[in-house]
Amino acid sequence: MTHKRTVSGIQPTGNLHLGNYLGAIKRWVQMQDEGECLFFLADLHAITVHNEPAMLTNNIREMAAALVACGIDPDKAVLFRQRDVPAHAELCWLLNGTARIGWLNRMTQFKEKSGKNREGASIGLYAYPVLQAADVLLYQATHVPVGEDQKQHLELARDIATKFNTDFGVELFTLPEPVIGGPAARVMSLRDGSSKMSKSDPSDMSRINLTDDAETIMSKVRKAKTDPEPLPDSVDGLEGRPEARNLVGIYAAMTDTTPADVLGQFGGQGFGSFKPALGELLASKLGPIAERLRALKSDPAELDAILAKGAEKARTLAAPTLASAYRAMGL
């Protein structure tokens with residue numbers, strides 16, 4: 001298939017940080033010029049755990065604003081709320097008849113998220129990989145950007161697609177291919193290079209928020225945990241130095257270069273020189289995003305209009321696949 005269609009979903013968790021931007025969104029912006037892209041706010045996935053309704057509503061709008069501020073262009077890509085396209089939930093139910101409990105039992109993320117309270121977890125938390133499969137298969141996606149922790153779920157989607165096509169003697173669902181992110185696809189905490197940058201970390205100093213001003217960014221980078229050694233001349237020298245590796249990776253991703261390129265420029269220098277350069281880079285790149293984000297958040301009607309326009313396009317794209325799935329099953 002020569003036509004490239006990419007589908008990506010993001011949880012509406014509110015304020016985004018640098019890890020979200022470099023881990024997914026920056027690549028999404030590039031993908032808009034590489035093929036047809038659909039980006040959706042995964043609000044149906046969000047309700048697999050309890051949310052305060054008012055907060056969830058606010059987070060959905062805030063996430064939409066952040067995506068547009070980061071460069072997702074509603075005139076190039078399709079940006080919408082998942083729940084505004086009922087075909088996601090409908091196809092999920094149809095695919096529940098194809099997915100197998102044994103497949104879901106192997107999903108490591110459920111085990112991690114449910115912890116010791118597995119019996120108290122929601123059915124949605126257990127079965128949401130089937131909804132993820134529907135999210136992708138509904139649009140005949142050829143590619144799906146995923147992190148390492150989501151590759152297993154995409155493999156499940158491929159298994160479900162293959163079994164459905166085989167069981168009903170059709171060639172309905174496309175088997176999507178994974179797209180893995182770039183050099184800083186996994187951005188780590190500024191306070192602990194072994195932990196992923198996260199909104200849930202109690203320390204705001206652990207992350208760069210997209211709403212942080214230049215002074216705050218410079219302060220967080222300056223206080224980021226490092227070691228006393230200077231930067232090495234080669235990537236091999238970053239072995240066993242997680243904080244150094246993280247900062248170098250961030251610089252490389254922000255400049256669309258490689259860690260080797262960054263070390264070619266800063267190798268042999270101490271963090272007293274590198275941190276100000278990194279802070280200034282982040283402030284200059286993220287400043288326009290923060291400004292655009294503030295403007296969008298002040299105009300919820302514009303955001304709602306953008307999402308409504310995207311949902312209309314998505315419903316049109318989804319309808320043939322859903323109708324074909326019903327027909328294949330004799331419904």
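This is a predicted model: local features need pLDDT of at least 70, side-chain atom pairs count only at pLDDT 80 or more; totals for chains, interfaces and linings use all residues.

Trainee: How many helices and strands does the chain have?

Mentor: Helices (H or I, at least four residues) and strands (E, at least two) are DSSP runs, numbered from the N terminus. By that reading the chain has 13 helices and five strands.

Trainee: Why is the chain described as being as compact as a globular protein of that length?

Mentor: The radius of gyration is taken over C-alpha atoms, and the globule rule is 2.2 Å times the number of residues to the power 0.38. Here the radius is 21 Å, close to the 20 Å that the rule gives for 331 residues, so the chain is as compact as a globular protein of that length. Along its principal axes, the C-alpha trace spans about 70 × 45 × 45 Å.

Trainee: Which residues have the most contacts inside the largest nonpolar core?

Mentor: A nonpolar core is a set of buried Ala, Val, Leu, Ile, Met, Phe, Trp, Tyr and Cys residues joined through side-chain atoms within 4.5 Å; buried means under 20% relative accessible area, exposed over 50%, and partly exposed in between (1.4 Å probe, protein chains only). The largest core has 59 residues, and those with the most contacts inside it are Leu18, Tyr21, Ile250, Met254, Phe274, Leu282 and Leu286. Its largest share, ten residues, comes from helix 3. Another core, of 45 residues, lies apart from it and includes Val78 and Leu125.

Trainee: What does Tyr21 touch?

Mentor: Contact means heavy atoms within 4.5 Å. Not counting residues up to four places away in sequence, Tyr21 touches Lys26, Cys70, Leu210, Met254, Leu286 and Ile289.

Trainee: Is Asn165 buried or exposed?

Mentor: Asn165, which has its place in helix 8 (residues 151-167), counts as buried at 12% relative accessibility. Val49, found in the loop between helix 2 (43-46) and helix 3, is partly exposed, with a relative accessible area of 46%. Over the whole chain, 47% of the 331 residues count as buried.

Notes:
Residues are numbered from 1 along each chain as its sequence is written. Side-chain values use heavy atoms; hydrogens and water are left out.
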